[in-house]
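Please have a look at the sequence and the structure first.

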Amino acid sequence: MPVELPPAFAFSQSSLQDFADCPRRFQLRYLLGQAYPAPLGRPLASLDRSLERGERFHRLMERCWRGIQLPERVDPLVADLWQAFCANPPPDVPQAFRRVEFSVNVKPSWANGARLTAKYDLLAYDPDGGALIVDWKTARRPPRAALERRLQTVLYPLLLVEAAPSLFGTALPPERVTLLYWFGEDGGATERFTYDSESYAADRAYISALLARLNALDAAEFPLTADLRHCRACQYRALCGREQVSGTFEPEDTDLFPDLDELRELIAAAAASDDFVL
Ligand code: SF4
């Protein structure tokens with residue numbers, strides 16, 4: 001039986017990453033709507049704190065970049081991140097066009113009919129310069145090679161190039177797009193990825209192949225990953241018989257979980273569900 005996606009399903013970096021890491025996780029999370037969260041406790045209590053810090057810092061950044069007056073006293077849970085931001089804000093943010101918590105949705109011809117979506121923490125553009133995507137990370141900075149492999153690093157600039165004609169009224173050459181990760185727990189250190197035409201072509205082919213692989217699967221055969229590292233902090237270990245895989249959670253592992261907006265939706269769905277399994 002072919003795979004049936006929920007109506008109006010849009011692939012995000014998070015859902016594509018799930019599929020790339022483990023088809024079974026994608027199936028549980030997005031096709032079967034398997035409930036989250038797992039029971040609180042170590043090490044997931046640490047995850048909850050990291051998610052809460054991430055959530056509050058993103059709301060603070062949203063207010064800051066929207067020009068909404070900030071509270072007199074910064075939330076103690078994110079005070080260190082705020083200090084890092086004040087000392088080291090992202091440099092050279094274009095001014096002509098700025099959007100905060102901004103989503104783009106595209107259905108490119110090369111995506112096998114799939115809809116793709118990206119939500120930018122901060123998107124800034126200058127017609128005379130280029131576009132800058134800023135993503136706030138409240139964790140420590142991982143090695144650049146690990147970031148390079150993330151679907152977020154692939155999808156964010158790719159979708160901006162795709163969306164540019166309708167968004168800015170003109171095509172945007174890949175060379176004029178930069179993705180900047182900002183790391184609060186590293187004092188505001190950044191990692192910058194400048195896009196180019198070669199990467200753009202390779203990324204289109206990669207995403208297209210990933211979607212084709214998903215479409216070719218039978219609904220009954222979403223295999224478990226052979227790479228047990230992906231199970232380490234996965235909340236579905238009990239369902240997969242992989243409880244024995246060490247579950248030590250590190251704050252930088254938050255990328256193993258859906259992004260905050262997707263997480264909110266999953267929690268709401270879980271609360272409304274009679275099938276709260278975990
Ligand atoms: S526990 Fe492992 S095999 Fe099961 S869904 Fe998670 S990552 Fe996949």
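This is a predicted model: local features need pLDDT of at least 70, side-chain atom pairs count only at pLDDT 80 or more; totals for chains, interfaces and linings use all residues.

Let me begin with contacts across the chain: among contacts in the protein between residues at least 6 apart in sequence, 70% join residues at least 24 apart, where two residues are in contact if their C-beta atoms, placed from the backbone, lie within 7 Å. Residues are numbered from 1 along each chain as its sequence is written.

The protein has 9 helices and 6 strands; helices (H or I, at least four residues) and strands (E, at least two) are DSSP runs, numbered from the N terminus. Of its 278 residues, 29% count as buried, and here a residue is buried if 20 or more other C-beta atoms lie within 10 Å of its own, exposed if 12 or fewer, and partly exposed in between, with C-beta atoms placed from the backbone.

Let us turn to the strands. Strand 4, residues 131–137, is mostly covered, since 6 of its 7 residues are buried. On one side of the pairing list we find strand 3, residues 115–125, which runs antiparallel to strand 4 and is joined to it by 4 bridges; two strands pair if DSSP finds at least two bridges between them. A hairpin of 5 residues connects strand 3 to strand 4, and within this pair A124 stands opposite L132. Strand 4 also pairs with strand 5, this time in the parallel sense and over 7 bridges, with V134 opposite L180. Strand 5, residues 177–183, in turn pairs with strand 6, residues 189–194, in the antiparallel sense over 6 bridges, and there T178 stands opposite T194. The hairpin between strand 5 and strand 6 has 5 residues between the strands, and in it G187 takes a positive phi near 70°.

Which residue in the segment before strand 1 deserves a look? It is A8, whose phi is near 60°, a positive value in a residue other than glycine, and A8 is exposed, with 7 other C-beta atoms within 10 Å. D92, in the loop between helix 4 and strand 2, also has a positive phi, near 55°, and D92 is exposed, with 10 other C-beta atoms within 10 Å.

In strand 2 itself we find E101, which counts as partly exposed because 16 C-beta neighbours lie inside 10 Å. Leaving aside residues up to four places away in sequence, E101 touches E62, K119 and D121. The C-alpha atoms of E101 and R59 are separated by 9.5 Å, although these residues are 42 apart along the chain.

Now to the helices, whose axes are lines fitted to C-alpha atoms over the stretch in contact, with angles that run from 0 to 180 degrees between N-to-C directions. Helix 6, residues 151–168, and helix 7, residues 197–216, pack at an angle of about 105°, with their axes 10 Å apart. That makes helix 6 roughly perpendicular to helix 7; angles under 35 degrees count as roughly parallel, over 145 as roughly antiparallel, 65 to 115 as roughly perpendicular and the rest as oblique. In this contact, V154, L158 and V161 of helix 6 meet Y200, D203, R204, Y206 and I207 of helix 7.

The axes of helix 1, residues 13–21, and helix 2 come within 5 Å and cross at roughly 140°, and the two helices are therefore oblique to each other. Helix 1 contributes S15, D18, F19 and D21 to the contact, and helix 2 contributes P23, R25, F26, R29 and Y30.

Finally, what surrounds the ligand? There are 13 residues around it, the closest being C22, L224, C231, C234 and C240, and a residue is near a molecule if its C-beta atom, placed from the backbone, lies within 6 Å of it. Helix 2 and helix 8 are the elements that give two or more residues to this shell, and the largest share, 3 residues, comes from helix 2.
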